[in-house]
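Please open the model in your viewer and keep the selection tool handy. We will go from stop to stop, and at each one you will hear what to select and what is there.

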There are 2 protein chains.
Amino acid sequence: MAFDAELNGHHFVIDADEKTGGENLGPRPKGLLLSSLAGCTGMDVVSILKKMKIENCVFNLEVTADSTEEHPKTYHTIHLNYIFEGNDLPVDKLKRAVELSETRYCGVSAMLRKAAEIKTRIILNGKDI
Amino acid sequence: MAFDAELNGHHFVIDADEKTGGENLGPRPKGLLLSSLAGCTGMDVVSILKKMKIENCVFNLEVTADSTEEHPKTYHTIHLNYIFEGNDLPVDKLKRAVELSETRYCGVSAMLRKAAEIKTRIILNGKDI
């Protein structure tokens, strides 16, 4: 079940898990949709914050999804958390950066939103903002 | 711009290209949608062909996409080629396996089809079937 995937000259392995005939040599293919979403909006936010002269923060994204039970199994809800850590970070600018990505720049978000609801949280130092 | 992505316990790097502030340490995030699609439908086809007792073939997938020019830049058309090589392969069964994935099993295909047109070709030993 494993495939060698090539993208932009980089190689990585995609595989099924043991339950479905794979060997878990790499991640499941469907989950790559979520990595794609996190990477796309994450780079937007980094880029926008840099233009806003905000660079002194730690930034992670967590993304999970709820799937339908019936074939074809699709994500009906995607949970996307933007997680910032740092001192004296301007709440309004963090929110604005995320909003700009979600509404204007992130092509992956625009595509996946046609198939699933994307629920977003923005978390600063452990608290929702 | 680079992110360390973790999915199913596997790590890989996503990065922007040099033109957009990255260092090309890994693939672009949006393209992962296409890797996801190829992996998902590819595993379906492998699994279905195995049940059909067809295992003596080489199987690759090529997937490319055409993007809009305006932000958010999305794929409006995805070109998905199923490429088989082998001797005495039953054309009807190859086509049936692809059809079953596209219409019944592939969740990624079902999701992306809501955002883009997916144009499919099935190629056996260099010729469209």
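Before the first stop, a word on angles: those under 35 degrees count as roughly parallel, over 145 as roughly antiparallel, 65 to 115 as roughly perpendicular and the rest as oblique. This is a predicted model, in which local features need pLDDT of at least 70, side-chain atom pairs count only at pLDDT 80 or more, and totals for chains, interfaces and linings use all residues. Residues are numbered from 1 along each chain as its sequence is written, chains are lettered from A and ligands numbered from 1 in the order in which they are written, and side-chain values use heavy atoms, with hydrogens and water left out.

**Stop one: a pair of helices**

Select residues 32-51 of chain A, helix H1, and residues 91-105 of chain A, helix H2. (Helices are DSSP runs of H or I with at least four residues, strands are runs of E with at least two, and both are numbered from the N terminus.) The two pack at an angle of about 130 degrees, with their axes 9 Å apart. Here axes are lines fitted to C-alpha atoms, for helices over the stretch in contact, and angles run from 0 to 180 degrees between N-to-C directions. H1(A) and H2(A) are therefore oblique to each other.

Now show the side chains. On H1(A), the contact uses Thr41(A), Asp44(A), Val45(A), Ile48(A) and Leu49(A); on H2(A), its members include Leu94(A), Ala97(A), Val98(A) and Tyr105(A). Contact means heavy atoms within 4.5 Å.

**Stop two: the two chains together**

Is Val108(A) buried or exposed? Val108(A) is buried, with a relative accessible area of 0%. (Buried means under 20% relative accessible area, exposed over 50%, and partly exposed in between, with a 1.4 Å probe and protein chains only.) Not counting residues up to four places away in sequence, Val108(A) touches Ser36(A), Leu37(A) and Cys40(A), along with Lys30(B) and Leu33(B).

**Stop three: a strand residue**

Go to Asn81(A), in strand S4 (residues 75-85) of chain A. Asn81(A) counts as buried at 12% relative accessibility. Leaving aside neighbours within four places in sequence, its contacts are Asn60(A), Leu61(A), Glu62(A), Arg121(A) and Ile123(A).

**Stop four: backbone details**

Select His71(A) and Pro72(A): the peptide bond between them is cis, with omega near -10 degrees. Pro72(A) sits in the loop between strand S3 (58-67) and S4 of chain A.

Finally, move to chain B. Asn8(B) is not a glycine, yet has a positive phi of about 55 degrees. Look for Asn8(B) in the loop between strand S1 (3-7) and strand S2 (10-14) of chain B; at 36% relative accessibility, Asn8(B) counts as partly exposed. Lys53(B), also not a glycine, has a positive phi of about 65 degrees. Lys53(B) lies in the loop between H1 and S3 of chain B and counts as exposed, at 72% relative accessibility.
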